[in-house]
Amino acid sequence: MNYIVYYKCDRKESMNQFRNLFPATEIESRDDLRGAFITDEAGIDQLDSILPIFNHDQGMELTCLIGYAVDQISWKMLEKAQQYRKGKCSHLSELLLDYMLNDETDLNYDLHKQFENCPQELIVTIKEYLKCGLNAKRAAEKMYLHRNTFNYRLTKFEDLTGLDIRDYHVAQYIDIVLTICAQRTK
């Protein structure tokens, strides 16, 4: 699976060194201090090992957010990463926990909109899949669905949202977003 790494640095002169250390496909550059690139799990592992050393040696604060799509939520959460986890590399799902624990609500509307195009049967299917620990066979049995029907719904959800729920970090993100949405409707 590919991930989108959003990054923000506090010093412009160090960004070129970072880009040279971590060659990747740049997909968006917001300004001299912020950008995003695509990488895979091996790239995330490499980033995890490079980031603390790079921050220490360069005397700077480079913060990275691992997202799952190119979207406004991730760009906004990059600012939260700078606030909560400056100088670290964090998954979007981890940052959403900080967001919830700090009783923030400014992104709730954006988070709620993320799944508004999904039919209710897909949301119910996704919730059951999450409750069953990402075990599709068990979730399908609990819903009295044929396994192929269940897998079709997972694929349909992925097509509609661009999120691969079979990935642990993405599933964790979806679970937290659904929790925030449920709290919002109370």
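Tutor: Let's start at the surface: Ile27, Ile38 and Val70 make up a nonpolar patch there, with about 210 Å² of accessible area together. Those areas are Shrake-Rupley values with a 1.4 Å probe, and for residues only the protein chains shown count as cover. Patch members need over 30% relative accessible area and no salt bridge; like charges are joined within 9 Å, nonpolar side chains (Val, Leu, Ile, Met, Phe, Trp, Tyr) within 5 Å. A salt bridge, in turn, is a side-chain nitrogen of Lys or Arg within 4 Å of a carboxyl oxygen of Asp or Glu.

Before going on: this is a predicted model, with pLDDT of at least 70 needed for local features and 80 or more for side-chain atom pairs, while totals for chains, interfaces and linings use all residues. Numbering runs from 1 along each chain as its sequence is written, and side-chain values use heavy atoms, leaving out hydrogens and water.

Val70 sits in the loop between strand S4 (62–67) and H3; helices (H or I, at least four residues) and strands (E, at least two) are DSSP runs numbered from the N terminus. With a relative accessible area of 46%, Val70 is partly exposed: buried is under 20%, exposed over 50%, partly exposed in between, using a 1.4 Å probe and protein chains only.

Now the helix you asked about. H3 covers residues 72–84 and includes Gln82, which is buried at 14% relative accessibility. Setting aside residues up to four places away in sequence, Gln82 touches Lys8, Glu61 and Thr63, where contact means heavy atoms within 4.5 Å.

Tyr6 belongs to strand S1 (residues 2–9) and Trp75 to helix H3, so the pair ties together parts 69 residues apart in sequence. Tyr6 is buried at 0% relative accessible area, and Trp75 is buried too, at 4%. Then there's Tyr7 with Phe37: centres 6.0 Å apart and planes at 40 degrees, so this pair is tilted. Tyr7 is in S1 and Phe37 in strand S3 (residues 34–40), so here the parts tied together are 30 residues apart in sequence. Both ends are buried, Tyr7 at 0% and Phe37 at 3%. Ring pairs also link Tyr3, Tyr68 and Tyr173 into a cluster.

What about sulfur? The disulfide count is zero, with the cut-off set at a pair of cysteine sulfur atoms within 2.5 Å. Cys64 is in no disulfide, and its nearest cysteine sulfur is that of Cys89, 5.0 Å away, too far for a bond. Cys64 is buried at 0% relative accessibility, as is Cys89 at 17%.

On to charges, where the count is 12 salt bridges. One of them puts Lys80 with Asp106, the closest N and O atoms being 3.2 Å apart. Lys80 counts as buried at 10%, whereas Asp106 is partly exposed at 48%.

Another bridge joins Arg85 and Asp98, at 2.6 Å from N to O. Arg85 is in the loop between H3 and strand S5 (89–91) and Asp98 in helix H4, so this pair ties together parts 13 residues apart in sequence. Arg85 is partly exposed at 23%, while Asp98 is buried at 16%.

Lys142 is in helix H7 (residues 136–142) and Glu128 in helix H6 (residues 120–131), 14 residues apart. Lys142 is partly exposed at 45%, and Glu128 is buried at 12%. Finally, salt bridges with shared partners join Lys8, Asp31, Arg34 and Glu79 into one network.

Technical notes
Rings of Phe, Tyr and Trp (its six-membered ring) pair if their centres lie within 6.5 Å; planes under 30 degrees apart count as stacked, over 60 as edge-to-face and the rest as tilted.
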